[in-house]
Amino acid sequence: MTEIVKPATGEFLAAVENESPESLKEKVARARAAQPAWAALTVRERARHLRLVREFVVTNADRISGTIADCTGKTLNDAFVTETFPAALAVGYYCKAVARFMRPRRLGRSSVMFFNKRSYLYNEPYGVVGIISPWNYPFGIPFHEVVAALLAGNAVVLKVAGQAQPVGGLFAEMMRHAGIPDDVFSVVTMAGAVAGSAMIHSGIAKLFFTGSVAVGKRLMAEAADVLLPVSLELGGNDAMIVCDDANVARAASGAVWAGLSNAGQSCGGVERIYVYDPVYDEFMSRLETIVAGLRHGVDLEADIGSLTTASQKQTVEAHISDALAKGARIRARSSAPEDGFFHAVVVLENVTHEMDVMRHETFGPILAVMRVESEDEAVRLANDSYLGLTASVWTKNTKTARRIAARLEAGAVTVNDHLMSHGMAETPWGGYKQSSIGRSHGGPGLSEVVRSKVVVHDSLHRLPRNIWWHPYSGSVYRGLKSGLFFLFGTGSLRRLAHLFALIRFYLSRLKY
């Protein structure tokens with residue numbers, strides 16, 4: 001039995017009984033039995049069910065947002081803006097996109113040598129997919145994977161983070177409202193320490209995991225033993241570059257929202273800020289003013305909620321202590337309650353890449369700011385990380401933005417904004433380096449929930465053989481070589497001669 005308390009207040013929230021790995025295997029077995037009938041429905045029929053998911057989200061928006069806030073400590077506005085509302089927006093996109101994506105597609109021919117072949121690409125569901133979701137966005141992150149997987153014809157077993165298990169109950173209720181059969185979608189409640197290994201050995205066909213880099217690596221290594229495909233969305237230590245022509249007021253406000261939304265517990269949030277020297281002082285002054293006015297709490301008037309776990313608060317404090325010990329200075333600090341897991345917003349300057357706050361993901365309400373002299377320096381520092389989830393460029397010049405974005409080693413780059421692209425179902429989400437394996441959202445995300453199959457037809461199937469089949473002989477070699485020189489040789493007359501030779505060879509191979 002796991003007891004869950006509200007991070008912001010310490011109040012009791014729920015008690016949830018943990019399931020065993022054997023129980024998970026039974027759920028997967030039932031899902032595997034139920035999935036073929038679900039996949040046999042047309043995409044339009046499945047979409048009819050999933051549109052009722054949106055109806056549930058809209059009708060229960062306050063309850064969903066409230067449950068998210070209770071489980072995570074984030075403000076009600078954070079929960080609604082970054083999870084509930086984007087979920088409702090995403091449903092329509094996926095219903096339309098999956099219908100197009102699952103339609104068989106004829107492939108263009110690569111060469112005239114295959115003039116008799118017609119190839120078609122089919123996207124087919126894996127079967128049963130397992131999803132392990134995180135505690136920081138317990139509704140918004142798995143929602144995209146769950147909806148896309150179900151629309152593609154998969155069955156889904158969802159494991160919600162222990163701290164957010166009441167959100168799992170909402171998922172189950174939402175799918176029942178949509179008429180999704182119980183065994184096609186199910187929620188498993190398990191301790192995080194055993195869930196990953198249990199999922200890998202439960203009989204699922206693919207695993208989706210969102211969490212830390214360290215755990216992701218362990219799961220990938222274990223999955224390799226059974227060749228289980230995985231999609232991993234891991235950490236970020238994301239960079240923001242403020243150019244000398246940026247709208248500085250917007251950049252400062254954007255840094256605060258994208259860096260401190262969910263108390264900074266966003267894998268794609270701003271952590272490192274590189275500001276061109278000519279606008280550094282103005283940027284810092286504006287940032288200082290905004291941070292001083294931030295309000296901590298849990299009501300609708302609060303800007304910043306609490307951290308979610310005690311260990312996360314310890315990490316934040318350790319990164320601040322490390323930075324100060326190595327020469328950083330606190331430029332601004334908000335006033336936060338001392339109870340619960342609240343932590344003040346801290347703006348650090350005089351930071352270097354020798355500090356943990358610039359080397360590793362903090363996942364907390366810290367903004368670390370460096371002054372830079374040039375674009376080259378900004379890009380070099382932004383790329384100086386083993387992580388590469390998102391980044392942003394702040395400039396009024398579109399050419400500058402495109403040039404810098406092309407140089408950044410990150411999976412998602414936004415211009416004059418940050419973090420929000422996760423709320424856009426059409427934009428792929430995932431990173432470079434150790435930030436992820438695979439993608440969610442958009443076309444690349446849909447590719448993660450299906451297996452591709454190509455079917456090749458032969459329009460000359462009534463003939464006795466293909467020209468490259470047995471029996472082999474010197475004439476086979478010479479005839480096919482004529483094809484090579486007809487296609488790629490030099491000289492029009494020589495190529496024409498090779499064409500006639502190829503035709504004679506082809507006709508000779510039609511005989512039994």
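R495 lies over the face of F486 in this predicted model, at 6.0 Å from the ring centre. A second contact of a charge with a ring involves K74, whose charged end sits over the ring of Y137 at 3.9 Å from the centre of that ring.

W135 and F363 form an aromatic pair of the edge-to-face kind, with 5.7 Å from centre to centre and 75° between the planes. That pair links distant parts of the chain, since W135 belongs to the loop between β5 (128-132) and α5 (140-151), F363 belongs to the loop between α12 (356-359) and β14 (366-372), and the two are 228 residues apart. Elsewhere, ring pairs link F139, F143, F171 and F185 into a cluster.

The relative accessibility of several of the residues discussed here is set out below.

| Residue | Relative accessibility | Class |
|---|---|---|
| F80 | 34% | partly exposed |
| F85 | 44% | partly exposed |
| V81 | 44% | partly exposed |
| F363 | 11% | buried |

F363 counts as buried because its relative accessibility of 11% falls under the limit of 20%. F80, at 34%, is partly exposed, and F85 is likewise partly exposed, at 44%.

Which residues form the nonpolar patch on the surface? The patch is made up of F80, V81, F85, L89 and W257, which together have about 470 Å² of accessible area. Its largest share, four residues, comes from helix α4 (residues 76-101), and V81 is one of the residues that lie in helix α4.

For the chain as a whole, 53% of the 512 residues count as buried, and the accessible surface comes to about 22,300 Å², of which carbon and sulfur atoms supply 55%. The chain contains 17 helices and 20 strands, and its C-alpha trace spans about 90 × 55 × 40 Å along the principal axes. Among contacts with a separation of 6 or more, 72% are between residues 24 or more positions apart.

Technical notes: Residues numbered from 1 in each chain as written. Predicted model: local features only at pLDDT ≥ 70, side-chain atom pairs only at ≥ 80, totals over all residues. Heavy atoms only, no water. Buried < 20%, exposed > 50% of the residue type's maximum accessible area, 1.4 Å probe, protein only. Phe/Tyr/Trp six-rings, centres within 6.5 Å; stacked < 30°, edge-to-face > 60°. Lys NZ or Arg CZ within 6 Å of the ring centre and 35° of its normal. Patch = residues over 30% accessible without salt bridge, like charges linked within 9 Å, V, L, I, M, F, W, Y side chains within 5 Å. Areas by Shrake-Rupley, 256 points an atom, 1.4 Å probe, with all protein chains shown as cover. Salt bridge = Lys/Arg side-chain N within 4 Å of Asp/Glu carboxyl O. Contact = heavy atoms within 4.5 Å.
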